[in-house]
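Please keep the model in view while reading.

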Amino acid sequence: AAPHAAVPHHQALQLSPEVGLDDVQTLQGPEVHVMGGEATKLLYDLLYTEPIKIVLMPGCSSVSTLVAEAARMWNLIVLSYGSSSPALSNRQRFPTFFRTHPSATLHNPTRVQLFQKWKWTKIATIQQTTEVFTSTLDDLEERVKEAGIEISVRQSFLSDPAVAVKNLKRQDARIIVGLFYETEARKVFCEVYKEKLYGKKYVWFLIGWYADNWFKIKDPSINCTVEQMTEAVEGHVTTEIVMLNPETVRGASNLTSQEFIAQLMSKLGGKNPEETGGFQEAPLAYDAVWALALALNKTVGPLKAKGHRLEDFNYNNRGITAEIYRAMNTSSFEGVSGHVVFDAQGSRMAWTLIEQLQGGSYKKIGYYDSTKGNLSWYGNDKWIGPGPPADQTVVIEEFRYLSQNIFVSVSVFAGLGILLGIVCLTFNIYNSNV
């Protein structure tokens, strides 16, 4: 989807589609995977054929990692619409990288906010051992430590979560953050059902980009029924990056998010959005093109003052790259995915949607704006007990009062026992030589 406004007049702009929506296979979650070698070959083909490129726009994290790490050697800005890996927030490794897709670590401030709201100071984690989840969990560990919250149990698994779930039960985990893909989520909750690690004493925090009926999908790798899975997942909380502005606001493109979706659906021509690769990230891709167009417009004045134009760019020209970087870094506009602004690491700052599974379907219970630290709460969260459960077994000390008669009787017998003990000890000492 291209913006309705004209792209800046300088023709040196070349958008590079290393990963097009038609060229990738959609896998679980917001990430898509292509072979890194193919991405590198496409990058070099683009660089060594005319015209000269100014900006590269890769899609998923695996491609962005390769492209963004190499791009600085040609003084190229890289802008991605579908990369969520926290590793890409490393400014030393990826100095010219920006993304309109927020980092996976954006879930963590929301989680910490909810822990504090529900007065939890002790949590547990279980993760699938992949880089994106490991780095997300490392970031969560730092954030909860700053908030005075302890991760008491940290479990991981590669493909079979049975042992990890048993360890959670054995170590009395109550508030559990789960980081894994959708297929592994079904395996985890089948084990959760078997271990009875659900109900009024437990709260699970999951990623929100699974399909709404993920726990009802038949999976040959598990031996639990749909009814058992539905029982095990009831009441869990999800956090999800807001990719479509929930408010009716006309931004830089003069489109509301609803109008954008309507136009996108007409372009699809009746295709099922769920089966269309990249459908969820479409607003982010649209806003990426707008962010780039607005940034290039912003460079015209400063470059003209220095006697330069965008058309003068070549792969050795750091000055023009610095101006584009500065313009991208100060981006701030309303897009169809919400307010577009980048942090110091070039990652998109966005809202997070909080949902809870109530009666087998997801209900919105709040939004969190990490840029302002604002939690918008609907107050419709539901719990099996009277409220949010405790984060650990609560030990309450109580005084137990005895009747005076029993106290006197026990005291008399105890006194007689002490006297008898003294008599026996004296007798033993006196006759120690016998």
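In this predicted model, 68% of the contacts between residues at least 6 apart in sequence join residues at least 24 apart. The protein comprises 11 helices and 13 strands. Its radius of gyration is 30 Å, well over the 22 Å that the globule rule gives for 434 residues, and the protein is therefore more spread out than a compact globule. The C-alpha trace spans about 115 × 55 × 40 Å along the principal axes.

Turning to burial and surface, 49% of the 434 residues count as buried. The protein exposes about 22,100 Å², of which carbon and sulfur atoms supply 55%. As to charge, there are 40 positive and 44 negative side chains, and the centres of these two sets lie 3 Å apart.

A disulfide is a covalent bond between the sulfur atoms of two cysteines. The structure holds 1 disulfide, formed by Cys-190 and Cys-224, whose sulfur atoms are 2.0 Å apart. This pair links distant parts of the chain, 34 residues apart: Cys-190 belongs to helix 6 (residues 182-195), whereas Cys-224 lies in the loop between strand 7 (203-207) and helix 7 (226-233). The link of Cys-190 and Cys-224 is right-handed, with 85° about the S-S bond. Both Cys-190 and Cys-224 are buried.

Note on methods
Residues are numbered from 1 along each chain as its sequence is written. This is a predicted model: local features need pLDDT of at least 70, side-chain atom pairs count only at pLDDT 80 or more; totals for chains, interfaces and linings use all residues. Side-chain values use heavy atoms; hydrogens and water are left out. A disulfide is a pair of cysteine sulfur atoms within 2.5 Å. Helices (H or I, at least four residues) and strands (E, at least two) are DSSP runs, numbered from the N terminus. Buried means under 20% relative accessible area, exposed over 50%, partly exposed in between (1.4 Å probe, protein chains only). The radius of gyration is taken over C-alpha atoms; the globule rule is 2.2 Å times the number of residues to the power 0.38. Contact means heavy atoms within 4.5 Å. Accessible areas come from the Shrake-Rupley method with a 1.4 Å probe; for residues, only the protein chains shown count as cover. Lys and Arg count as positive and Asp and Glu as negative; His and the chain ends are not counted. The place of a charge is taken as NZ of Lys, CZ of Arg, CG of Asp or CD of Glu.
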